[in-house]
Amino acid sequence: MSIPVGWQVDIGLEIHAQLSTQSKIFSGASTAFGEAPNSQACAIDLGMPGVLPRVNAAVYEKAVRFGLGVTGTINSESRFDRKNYFYPDLPKGYQITQMDEPIVVGGHIQITGKDQSEKVVRITRAHLEEDAGKSIHDFKPSFTGIDLNRAGTPLLEIVSEPDLKSADEAVAYAKAIHQLLTYLDVCDGNMAEGSLRFDANVSVRPVDAQDLGVRSEIKNLNSFRFLEQAINHEVQRQVDALTRGETLTQDTRLFDPDRLETRAMRSKETATDYRYFPEPDLLPVKISDAFINDIKDNMPELPGPRSVRFQSEFGLSLADAQLLAGDRGLGDFFEQVAMITGNGRSAANWVRGDLLGKLNEQNLNISESPVSPDQMGALIGLIDDDIISGKTAKTVFAALWAGETTQPAEYVKAQGLEQVSDAGAIEPLIETLLAEHPKQAEDLRAGKDKLMGFFVGKVMQATGGKANPQQVNAMIRQKLSP
Amino acid sequence: MNLRSATIAELRAFLDRGDISAVELTDYYLDRIDRFDKSLNTYITRTADTARASAIAADKVIAQGKATSLTGIPIAEKDLFCIEGTRTTAGSKMLANFKAPYTATVSTKLANAGAITLGKTNMDEFAMGSSNENSYFGPVRNPWDLNRVPGGSSGGSAAAVAAGLCAASTGTDTGGSIRQPAALCGLTGLKPTYGRISRWGMIAFASSLDQAGPMTRSAEDAAIMLEHMAGHDPQDSTALAEPVPAYTSALNNDIKGLRIGVCQAFFDTDLDAEVAAKTREALRVLESLGAKLIDIALPHMAYSLGAYYVIAPAECSANLARFDGIRYGYRCENPEDLQDLYTRSRGEGFGQEVKKRILVGTFALSAGYYDAFYGRAQRVRRLIKQDFVEAFNQVDVIVGPTTPTPAFGIGAKAESGVDMYLQDIFTISASLAGVPAMSIPAGLVADLPIGLQLIGNYLDEATLLNLAHQFQQATDWHTLIAPEAP
Amino acid sequence: MSTHLDEKTLRDMSVLAALPYEPNQSMETLAALNEVLELVSALEAVEVDNVPPLAHPLERFQSLTPDQVTETVDSEALSQNAPNFEDGLYFVPRVIE
């Protein structure tokens, strides 16, 4: 959907990322997903009388890592505040969050548009807070059931400036953040389990207007698709209303993916005086330079710079480099193979092609690959050393994948898959073929180069794929040359 | 062997010598509770069965010669401390049937030391009050005069010790809730440094002010109790990690040359003339023991009441939001919808004073008023703290009255809210600063006990207890027996 | 402080605090609340412009806890006080978002 003519759109996103910790932000209960209702909510998560929060160190480590990843400022002193409102999934009647002194301030991330255009999106802040429980509306008629397993799950709320000018840009930004979070092991990125949720602040204004329009906040979008759809429908709604001469009021909305529309929320966020004040049960958190430096020293190379390096160091295309650098495990795998073989392009072709294809087919992560980088490197080495053909290599790869062998070189030897490079063995074959197909031989000599494939194919067929195609090619040319 | 007047230290000797068993001692107190508590109403819940079982265990430990200073000593716990298996009400209809599945760190520590819990004591609802009249379980009466209040909010804990219905008790102090009832009942009551004792399992009123402490018959007993109650707790981020000194071994230090600060502001306003006279008399006793009296100023003390009545209600407005009738606590009949569930459960479950403070706190934090109220109160709080920091550069302890008057009549102040708040006018500043403070008996005014307040530097409970003990070696006010519970 | 609560503010505060607003009691409640505000108005006399707020008497820093699952959740014990708990869920009148 394109932006209506005569209008421009301003979008800021608030991304809630669940941090991939073992235990909750303020208690020692498990963050495991999908357990029986209320089986993961301890007395602290339930807000029982007399209980007190504590602070999980891992949430700070992950938040700092993200902050460094977006080149933000890490506040050496941060503090928790209480945000007060009543809702059944909020056990204490307040959420512990960071209002005035968040852990990360500022930062930016680069996004790539569909047309490969690049843009920098500014990040306002990222702060730590606790997730709420879940309301279950369809279990018992006229009642809502409350499951507090999710209550107290650590969240990093990442707030962007209203730099995003379309739904496409918003999605590209959300995907860039998703990639960074998973790359840095800050969040598992599992959208289906709600590990990443978006609130979109959307406003429109005439193209020549200076000031931002009246915004609506669309809450709780849990997929890239819904994010895109919700923004597009909200933009259209606002433009339609303004075109009719109506005045918009700032509101909070929900997206209905079945009806493809946003509607104003009736409850929860309507009373907006949250009465933030410093959480008296927790002290301010001071993190030392040593803590930050330790994280800095252990930061992996980020996808952007890594992609640039893959292009210059290994001669990869932009697309290959971005794909391989976009996932930390995949990038590491590729780089190991490239180091072993000294052949970056063919390492990229194999990892991106055969290996990734097989992984995707079986829904496996790179860390679960049955073929190791060493094996992959050895396999490519056999091709580069002209011991096997590319075609044979696919057979060897299949054997590695199936676990029939762990040593490509031994397997090739045992199965007799070495290329036939002995000119003496191939020459008679070529001579026979040229004799059997004089018309084609003549045409080839006359410059009809695609017939080369015909003859090479015949030789490969006759040798059971063991001949070296380049060698066969060269020998045919020699035979035909005057 | 006089059990009625016996301190923990004396009972220890009786138990260790075998003059009495822990079971017999427990039965002695349970019997007194039966006799006197109908009129005094100090206990909300009695735990006679578990007390006897603990006493049997304690006798075995004593026989093995492994007793701690508290093994077999029967105590009472303010009903703000959660104890697994026993109901914890906070003096409120909201929690009239609440049983916590966990135990407060303080209660665990005392139980581990061998103390026997006789029951849970009455209190002002959610620790909000200075007379113990704001209890869903009815007012507590002062064993010195049944028509008078025992003070609050730890009124049940105070009256129970004063009436000999337990050897000692736990209290909590947010603005004076240990010291004021200790003064009005003729006891020794200590509010330690904020953070000295874990708040885990203690139902919160105002988190940055709440502090647990002992209520006892002597300073020595307070030292014994504090040694067991204090210490680091990973479950309370605000509990201090500093090691707990052996308070009992510092009790007999010489106080010669100890610098005692006297602040004229304590004597200027609202102080009953006879209380003032008794306070000055106590200061002369301290002087006679070798302490030096030095005039000091606490320039912002006059603002402590105002700051307190913003900060405490603000924190309480959030702390009490969890009582929503969903996971525990009172729930109204047949709620029409969610909003009805919230407002009626809270409206019916909370008493008037609690609702009033929640509304004040909500207002103090609300948009447009935060800076003028909460923000300003926090800045004034810093000034009050600075006053103490500066004062303790010159003196070791600050001494003054605990309350403006002795115990007042039941019903005398119930209707006029703010008049009641003035009860804490001398105690609140130490709470805001977080410094330790205690009240010790300083004589009788119109046959009613009054208290002397000792305020110490951060984490210097040892000097307070030392000074209090030396005062009690020179006086016998703390040994007087409340006449309505002979 | 000449800040005095009026009925509208009292009603707004009651909504925020999830407490009932009872018009027939509002004058009495207002009087009680305004008495507290009167007491608090003493703070206006204090010069605080250059004084940072003090949120906590101990000006110390939070210690952080290792990321370990330390709680075994006994949901039966934890839900024993719940007025309406069935099939592992706490129930409230239906919520419309």
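The side chain of R199(B) reaches the backbone oxygen of S207(B) at 3.5 Å. The structure is a predicted model, in which local features need pLDDT of at least 70 and side-chain atom pairs count only at pLDDT 80 or more, while totals for chains, interfaces and linings use all residues. Residues are numbered from 1 along each chain as its sequence is written, chains are lettered from A in the order in which they are written, and side-chain values use heavy atoms, without hydrogens and water.

R199(B) lies in the loop between β5 (188–191) and β6 (211–216) of chain B. Helices (H or I, at least four residues) and strands (E, at least two) are DSSP runs, numbered from the N terminus. R199(B) is buried, with a relative accessible area of 2%. Buried means under 20% relative accessible area (1.4 Å probe, protein chains only). The R199(B) side chain also makes a polar contact with the side chain of Y194(B), at 3.3 Å. A polar contact is a pair of N or O atoms within 3.5 Å; within protein, one must be able to donate a hydrogen and the other to accept it, and residues adjacent in sequence count only if both atoms are side-chain atoms. Leaving aside residues up to four places away in sequence, R199(B) touches residues including G50(A), P280(A), D210(B) and D236(B). Contact means heavy atoms within 4.5 Å.

Helix α11(B) covers residues 338–349. Nine of its 12 residues are buried, so the helix is largely enclosed by the rest of the structure. Among them are L338(B), Y342(B) and R346(B). The buried residues pack against α12 (352–365) of chain B together with β3 (89–93) of chain C. At the start of α11(B), a side-chain oxygen of D337(B) comes within 3.3 Å of the backbone nitrogen of Q339(B).

Between chains B and C, 62 residues of chain B are in contact with 50 residues of chain C. The buried area is about 5,000 Å², and carbon and sulfur atoms give 70% of this area. Buried area is the accessible area (1.4 Å probe) that two parts lose on being put together, summed over both. L359(B), R379(B) and R382(B) supply 14% of the area that chain B buries against chain C, more than any other three residues.

Three salt bridges are counted between chain B and chain C. A salt bridge is a side-chain nitrogen of Lys or Arg within 4 Å of a carboxyl oxygen of Asp or Glu. E59(C) and R382(B) meet in a salt bridge through their side chains (2.8 Å, N to O). α13(B) gives the largest share of the side of chain B that touches chain C, with 11 residues.

Definitions and conventions: The expected span of a helix is 1.5 Å times one less than its number of residues. Buried means under 20% relative accessible area, exposed over 50%, partly exposed in between (1.4 Å probe, protein chains only).
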